Amino acid sequence: MCPVLHHVGRMLDTNSSVRCLTVDFSKAFDTVNHNILLHKLSAVDLPDSIHDCIVSFLIGRVQRCVTNGACSSVLCITRGIIQGSGVGPTFYIVM
């Protein structure tokens, strides 16, 4: 049994109600707006070469879907941090 459910069940044995707060970060990295992130990063004292590298990393990304040989149109990616990237958590904290 899930430890949280066990704890809530035990609390309900002695209390008439229990309040729980849950936070789901599963899609949090998908909500990072590139323009806002770059604006915030411009306020940080970074060398120009690092800032330019970050801009290059975020701007100009595109995606399309291919299903059964049919391709969708290409769409620009203006939000989200590439999952698994080393800088993703840092960018999310900056936001």
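This is a predicted model: local features need pLDDT of at least 70, side-chain atom pairs count only at pLDDT 80 or more; totals for chains, interfaces and linings use all residues.

Analyst: Residues are numbered from 1 along each chain as its sequence is written, and side-chain values use heavy atoms, with hydrogens and water left out.

User: Why is histidine 34 called buried?

Analyst: Buried means under 20% relative accessible area, exposed means over 50%, and partly exposed lies in between (1.4 Å probe, protein chains only). Histidine 34 has 2% relative accessibility, so it counts as buried. Its place is in helix H2 (residues 34-42). Helices (H or I, at least four residues) and strands (E, at least two) are DSSP runs, numbered from the N terminus.

User: Which residues is histidine 34 in contact with, leaving aside its neighbours within four places in sequence?

Analyst: Contact means heavy atoms within 4.5 Å. Beyond those neighbours, histidine 34 is in contact with Leu58, Ile77, Thr78, Arg79 and Gly80. Take Arg79 from that list. Arginine 79 and histidine 34 are 45 residues apart in sequence, yet 5.5 Å apart in space, C-alpha to C-alpha.

User: What makes arginine 79 partly exposed?

Analyst: Its relative accessibility is 46%. Arginine 79 sits in the loop between strand S4 (75-76) and H4. Leaving aside neighbours within four places in sequence, it is in contact with Asp30, Thr31, Val32, Asn33 and His34.

User: How far is the backbone oxygen of threonine 31 from a polar atom of the side chain of arginine 79?

Analyst: The distance is 3.5 Å. A polar contact is a pair of N or O atoms within 3.5 Å; within protein, one must be able to donate a hydrogen and the other to accept it, and residues adjacent in sequence count only if both atoms are side-chain atoms.

User: Where is asparagine 33, and is it buried or exposed?

Analyst: Asparagine 33 is in the loop between H1 and H2. Its relative accessible area is 15%, so it is buried. A polar atom of its side chain lies 3.2 Å from the backbone nitrogen of isoleucine 36. Leaving aside neighbours within four places in sequence, asparagine 33 is in contact with Thr78, Arg79 and Met95.

User: Is phenylalanine 91 buried or exposed?

Analyst: Phenylalanine 91 has a relative accessible area of 4%, so it is buried. Phenylalanine 57, at 26%, is partly exposed.

User: What sits over the ring of phenylalanine 57?

Analyst: The charged end of arginine 61 does, 5.4 Å from the ring centre. A charge sits over a ring if NZ of Lys or CZ of Arg is within 6 Å of the ring centre and within 35 degrees of the ring normal.

User: How many disulfides does the structure hold?

Analyst: It holds zero. A disulfide is a pair of cysteine sulfur atoms within 2.5 Å. Cysteine 76 is in no disulfide; the nearest cysteine sulfur, that of cysteine 65, is 17 Å away. With a relative accessible area of 63%, cysteine 76 is exposed. Cysteine 20 counts as exposed too, at 53%.

User: Why is helix H1 said to lie largely in the open?

Analyst: Of the 12 residues of H1, one is buried, so the helix lies largely in the open.
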